[in-house]
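Open the model in your viewer and keep the selection tool handy. We will go from stop to stop, with a short note on what to look for at each one.

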Amino acid sequence: MASTLSLRVKPLHFAAAVLACSVALQASAAHSYTDKLVAGETLQANEFIKPVDNNLVRLVMQGDGNLVLYRQADNAPLWHTSSWGHPGATTVMQGDGNLVVYGPNGTEVLFHTSTYNNPGSYLQLLSSGNLVVKSAANTVLWASNTSVQPPPIYSTPSYQPTFWNDASTIQRNNNCYNYANNKRTDTFAQPGRAHGVTGYAMTGPAVYNAAVADGLVPTTSSGTSPEGKTKIALVVAPGIDYHWYRQDSDGRWTHKPGQTRATNVDNSGVTITNPETANRGMYTLFVGYFFTPSDAVQGQGKADIR
């Protein structure tokens with residue numbers, strides 16, 4: 001099973017790279033239709049359709065014979081007909097209402113939507129990212145059931161302690177884990193609790209695994225996030241407690257110990273430039289770094305924590 005999946009994925013990503021460089025000029029000159037294929041129209045190799053009101057998705061008849069719906073932002077395949085390995089294949093919107101991918105000989109059926117006996121039907125790529133075959137009366141007969149949203153945008157907050165240090169609800173009910181993830185929950189969030197991981201020992205590996213359960217991504221001291229996620233650091237007082245630090249937009253590190261105030265200095269009152277060498281008091285075990293899906297707005301991080 002694993003080897004089969006690997007074979008299926010590879011041609012999709014290879015084709016995506018090719019599409020990004022070369023297909024647009026070929027396709028735009030090859031036909032005049034935009035978001036639809038109507039009866040009698042065909043997609044040949046390297047031709048595509050896209051929504052009329054955005055550029056979020058594109059349906060491409062690839063040169064390898066696969067009909068693929070791509071998300072434009074990252075060339076991720078959202079749906080495909082599994083018909084690669086047939087160079088010269090074409091996609092036809094038939095007069096009987098059936099959408100068919102034919103092999104290069106024009107007779108071998110590689111894929112179809114089983115929407116025959118519906119003359120006047122047409123294929124449409126909606127702006128939502130859903131690919132549908134509609135009847136002449138605009139009833140949906142078949143759908144890929146796909147959708148696309150713009151990729152999330154992450155950004156790193158600056159050090160703005162006033163938001164967290166209100167001496168009231170925010171300060172008392174949001175701890176170091178909330179602060180590091182820049183996520184106000186008012187629940188004194190605990191690593192893993194949002195995903196059923198509780199009751200673990202206060203050890204580096206246990207807290208590390210709980211954070212991973214929350215979707216945090218382990219990284220290194222020199223690691224950078226291509227998505228713009230924020231780097232945070234985990235330390236542990238073995239058998240007692242954990243603590244988290246956050247790297248702000250200026251590259252320095254800040255933290256919020258428990259119910260106390262957010263600060264940019266360590267236990268010696270020194271500005272934190274490296275959490276590994278800072279005076280951390282009883283938190284003697286440095287566990288590692290993670291990326292979290294944060295936001296520039298205080299308290300509005302996107303991590304799924306509770």
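Start by selecting Asp241, Tyr242, His243, Gly258 and Tyr283: among the 14 residues that line the largest pocket, these lie nearest its centre. A pocket here is an open set of points on a 1 Å grid over the protein atoms alone where a 1.4 Å probe fits, with protein on both sides within 12 Å along at least five of seven lines; lining residues have an atom within 4 Å of a point. The space inside is about 200 Å³, a volume being the space filled by probe spheres set on the points, which are joined across faces, edges and corners.

Now select strand E15, residues 241-247, which provides four residues, the largest share of the lining. Strands (E, at least two residues) and helices (H or I, at least four) are DSSP runs numbered from the N terminus. The lining divides into six nonpolar, six polar and two charged residues. Here Ala, Val, Leu, Ile, Met, Phe, Trp, Tyr, Cys and Pro count as nonpolar, Asp, Glu, Lys and Arg as charged, and the others, Gly among them, as polar.

A note on what you are viewing: this is a predicted model, where local features need pLDDT of at least 70, side-chain atom pairs count only at pLDDT 80 or more, and totals for chains, interfaces and linings use all residues. Residues are numbered from 1 along each chain as its sequence is written, and side-chain values use heavy atoms, leaving out hydrogens and water.

Next, move to Ser249, in the loop between E15 and strand E16 (253-254). Ser249 is partly exposed, at 48% relative accessible area (buried is under 20%, exposed over 50%, partly exposed in between, with a 1.4 Å probe and protein chains only). Leaving out residues up to four places away in sequence, Ser249 touches Thr156, Pro157 and Ser158 (contact means heavy atoms within 4.5 Å).

Which residues touch the most other members of the largest nonpolar core? Select Leu43, Leu59, Leu67, Trp79, Leu123, Leu125 and Leu131, out of 20 residues in this core. Such a core is a set of buried Ala, Val, Leu, Ile, Met, Phe, Trp, Tyr and Cys residues joined through side-chain atoms within 4.5 Å. Strand E4 (57-61) is one of its contributors and gives the most, three residues.

Last stop: select Leu234, Val236, Phe290 and Ile305, which belong to a second, separate core of 15 residues.
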